[in-house]
Amino acid sequence: TIITAAAMDDLNDFGWECHDTLAGTLHRVAGAYTGDGDTIALEYTDGSSRLNLFEQTGVLDRATLDGFRSERIAGTVWVRRGTPTLVTWDDDWTVFTIVTDVDRARLEQVVTELPTGAYEPGVAERVGDGLGRMSSWIGAA
């Protein structure tokens with residue numbers, strides 16, 4: 001399902017990253033919902049290079065990262081070099097995946113313009129989150 005520019009602006013207001021441009025020269029030329037609507041596919045280009053950005057609800061399954069290596073670009077991301085280059089990471093219940101042929105410098109700029117999980121919760125917050133999840137399990141039982 002194609003997403004209109006106005007709908008992408010609304011999605012951006014609700015936490016989905018639907019930037020008009022990335023890395024200064026990559027302009028958004030298309031957007032669509034895929035699958036059951038929990039994934040947004042955005043296409044960016046400068047006329048010669050292309051970048052596809054997928055945003056999916058959930059967390060990254062690290063067991064599926066064979067061939068990827070961990071790198072620090074504004075946070076921890078997983079990269080598989082080649083043509084195209086793939087980069088993936090999660091942040092706040094969203095998995096971001098980039099498939100692109102842009103050069104390394106522009107790729108790094110794009111990643112820095114998106115949420116990268118650079119925020120690390122403290123011990124107290126992690127314990128509190130865990131206790132909250134456990135109490136919801138007990139309540140469901």
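Student: Which residue in S8 is the bridge partner of Phe54?

Tutor: Good place to start, and keep in mind that this is a predicted model. Seven bridges connect S4 with S8, and the two strands run antiparallel. In S8, the residue bridged to Phe54 is Thr97.

Student: What is the order of the strands in the open sheet?

Tutor: The sheet has eight strands, with antiparallel pairing. Strand S1 (21-22) and strand S5 (69-72) are the edge strands, since each pairs on one side only. Reading across, the order is S1-S2-S3-S4-S8-S7-S6-S5.

Student: About what angle does the direction of helix H1 make with that of S2?

Tutor: Helix H1 (residues 5-13) packs on the sheet. There it touches strand S2 (26-34) and strand S3 (39-45). Its direction and that of S2 make an angle of about 85°.

Student: Which residue takes a positive phi in the hairpin of S3 and S4?

Tutor: Let's look at the two strands. The hairpin has four residues between the strands, and the one with a positive phi near 100° is Gly47.

Student: Does Arg106 count as buried or exposed, and why?

Tutor: You can find Arg106 in helix H2 (residues 104-112). Its side chain makes a polar contact of 2.8 Å with that of Thr25, and the residues Arg106 touches include Asp46 and Ser49. The cut-off for buried is under 20% relative accessible area. Because its relative accessibility is 15%, Arg106 counts as buried.

Technical notes:
Residues numbered from 1 in each chain as written. Predicted model: local features only at pLDDT ≥ 70, side-chain atom pairs only at ≥ 80, totals over all residues. Heavy atoms only, no water. Buried < 20%, exposed > 50% of the residue type's maximum accessible area, 1.4 Å probe, protein only. Polar contact = N/O pair within 3.5 Å; in protein donor to acceptor, adjacent residues only side chain to side chain. Contact = heavy atoms within 4.5 Å. Axes fitted to C-alpha atoms, helices over the stretch in contact; angles between N-to-C directions. Lists of a residue's contacts leave out its neighbours within four places in sequence.
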